[in-house]
Amino acid sequence: MRVELADEVREGRAVALRDRDVSPETVAAAVREGEWIDCPEPGAVHERVSPVTADASPSVRPALAAAARSRGLTSPVDDALADARAELAAIDPPPIDHEAARKRVAEAGEREAALDERVAELRGRIDALAGRDGEPGDATDERAAAIRELSEVRTERVAAEQALRDAREAARAARDARDRRLRLEDRVRNLRSAAREHLSAAVAEPFADAVAAVPGEGRVADEPAGFEGDPVTAALAVVRVAAVDAPVVLACDRFDSAAAAADTLDAPVLTV
């Protein structure tokens, strides 16, 4: 790796930055972003354990699964997991909202009823005038206009009802898609768990050796890849198990030098 500081450049597999006023998080971000640290791209192991700080609390089993994958190991459910993830990503149910369609039907129905009443009222006025031998006057024209408007509103009401049926059908399809999505999320969750169990168990023996090799307290529990003890010890052991090219950031007082840390962990390191 190559670390470009303001006044010098430091290179190598083990670089010490303890004489610089930089935080572990700042250095870890520089490893990810490559702004002033030139190195290979970090992977899932770094996301799980780097930086290793005195108050580290890594989830050991997922971190070990990432370490196993860094060594090229796979799980029997990887294909099924990839398929489930792809299917899940393809499901994007639209929001359900047919309130606008329902409102449109209601408004058209109210206008239709009002015009029906208006047409009937004008018919009554015309009939009354005819009974008294009177002239209907403007009532005939008003009734014809009301009938035309009623026809238009009736057409609008029929169209609104069809739109509401379509909206309800779309809502049913969206609900089905959401149910399918929930089932797939459960399946992905279960497959991920199964993959982690398999992968962490696959490196249980190297992990036990690593726990014994790194400085600190801890022991592997009876359950495959289980751990009891100091979380920093667990994080360092995970690094030793993994095959990483990008530097791991160490902010824990466990090694005399960056070189000693790199040798023990068999990984590139940056000490802060």
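The lining of the largest pocket divides into seven nonpolar, no polar and six charged residues. In this classification Ala, Val, Leu, Ile, Met, Phe, Trp, Tyr, Cys and Pro count as nonpolar, Asp, Glu, Lys and Arg as charged, and the others, Gly among them, as polar. The structure is a predicted model, in which local features need pLDDT of at least 70 and side-chain atom pairs count only at pLDDT 80 or more, while totals for chains, interfaces and linings use all residues. Residues are numbered from 1 along each chain as its sequence is written, and side-chain values use heavy atoms, with hydrogens and water left out.

The largest pocket holds about 270 Å³ of space. Of its 13 lining residues, R48, A65, R69, R85 and R196 are the closest to its centre. A pocket is here an open set of points on a 1 Å grid over the protein atoms alone, where a 1.4 Å probe fits, with protein on both sides within 12 Å along at least five of seven lines; lining residues have an atom within 4 Å of a point. Grid points are joined across faces, edges and corners, and the volume is the space filled by probe spheres set on the points. At least two residues of the lining come from each of helix 2 (44–49), helix 3 (60–70), helix 4 (78–90) and helix 6 (138–202). Helices (H or I, at least four residues) and strands (E, at least two) are DSSP runs, numbered from the N terminus.

Axes are lines fitted to C-alpha atoms, for helices over the stretch in contact, and angles run from 0 to 180 degrees between N-to-C directions. Angles under 35 degrees count as roughly parallel, over 145 as roughly antiparallel, 65 to 115 as roughly perpendicular and the rest as oblique. The crossing of helix 4 and helix 6 is left-handed; a crossing is left-handed if the near helix is turned anticlockwise from the far one by less than a right angle, and right-handed if clockwise. Residues in contact (heavy atoms within 4.5 Å) include A80, L81 and R85 of helix 4 and L184, V188 and L191 of helix 6. By class, this contact has eight nonpolar, no polar and eight charged residues.

Helix 5 (residues 99–131) packs against helix 6 at about 160°, with the axes 8 Å apart; the pair is therefore roughly antiparallel. This crossing is likewise left-handed, and the contact comprises 17 nonpolar, two polar and 15 charged residues.

Helix 3 and helix 8 (residues 231–241) pack at about 15°, with their axes 9 Å apart, and are thus roughly parallel. Their crossing is right-handed. V60, A63, L64 and A67 of helix 3 meet A234, V238 and V241 of helix 8, a contact of seven nonpolar, no polar and no charged residues.

Two backbone features occur in loops. S50 and P51 are joined by a cis peptide bond with omega of about 5°, and P51 lies between helix 2 and strand 5 (52–53). D266, a residue other than glycine, has a positive phi near 50° and is found in the loop between helix 9 (258–265) and strand 9 (269–271).
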